[in-house]
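Here is a short tour of one protein chain, written for someone who likes to check numbers against coordinates. Have a look at the model first, and then we can walk through it together.

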Amino acid sequence: MKLLVRNLARTTTEQEIRELFEAHGTVTECTLVLDKETGKSKGFGFVKMPNVKEAKLAKARLHETRVGSNRIRVKVAQDS
């Protein structure tokens with residue numbers, strides 16, 4: 001299951017997000033979306049978790065929690 005993580009601080013790293021979600025299960029991919037011109041985070045990213053049950057648990061537990069000074073939002077990503 002692919003999750004969209006929004007409202008991240010621009011300083012949050014992929015490693016921090018990966019560790020946050022790995023506390024709830026297996027993470028196969030973690031990607032921050034970066035601005036092409038500056039190379040800095042746009043404040044959102046994606047996390048792939050192969051186990052749907054773990055992904056739903058991570059979503060439920062992490063949605064609206066604080067990471068640094070930001071309250072993150074987690075939802076199921078739409079397939080494009």
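Where in the chain is Gly25 found? Gly25 sits in the loop between helix 1 and strand 2. Please keep in mind that this is a predicted model.

His24 belongs to the loop that links helix 1 (14–22) to strand 2 (29–34). Is His24 buried or exposed? With a relative accessible area of 17%, His24 is buried, because the cut-off for burial is under 20%. Gly25 counts as buried too, at 17% relative accessibility.

| Residue | Relative accessible area | Contacts |
|---|---|---|
| His24 | 17% | Met49, Glu54, Ala58, Arg61, Leu62 |
| Gly25 | 17% | Met49, Glu54 |

For a sense of distance, Gly25 and Gly39 are separated by 14 residues in sequence, while their C-alpha atoms lie 29 Å apart in space.

**The nonpolar core**

The largest nonpolar core holds 16 residues, and those with the most contacts inside it are Val5, Phe21, Val47, Met49, Ile72 and Val74. At least two residues of this core come from each of strand 1 (2–6), helix 1, strand 2 and helix 2 (52–62). Helix 2 gives the largest share, 3 residues. Val74 touches Leu3, Leu4, Val5, Phe21, Lys59, Leu62 and His63, if residues up to four places away in sequence are not counted.

**The chain as a whole**

Stepping back, the chain has 2 helices and 6 strands, and from the N terminus the order of elements is β-α-β-β-α-β-β-β. Its radius of gyration is 12 Å, which agrees with the value near 12 Å that a compact globule of 80 residues would have. Along the principal axes, the C-alpha atoms fill a box of roughly 35 × 30 × 20 Å. Of the contacts with a separation of 6 or more, 58% join residues 24 or more positions apart.

Buried residues account for 32% of the 80 residues. The accessible surface is about 5300 Å², and carbon and sulfur atoms hold 47% of that surface. As for charge, there are 16 positive and 10 negative side chains, with the centres of the two sets 7 Å apart.

Technical notes
Residues numbered from 1 in each chain as written. Predicted model: local features only at pLDDT ≥ 70, side-chain atom pairs only at ≥ 80, totals over all residues. Heavy atoms only, no water. Helix = DSSP H or I, 4+ residues; strand = E, 2+ residues; numbered from the N terminus. Rg over C-alpha atoms; globule rule 2.2 N^0.38 Å. Buried < 20%, exposed > 50% of the residue type's maximum accessible area, 1.4 Å probe, protein only. Contact = heavy atoms within 4.5 Å. Areas by Shrake-Rupley, 256 points an atom, 1.4 Å probe, with all protein chains shown as cover. Lys, Arg positive; Asp, Glu negative; His and termini not counted. Charge placed at Lys NZ, Arg CZ, Asp CG, Glu CD. Core = buried A, V, L, I, M, F, W, Y, C linked by side-chain atoms within 4.5 Å.
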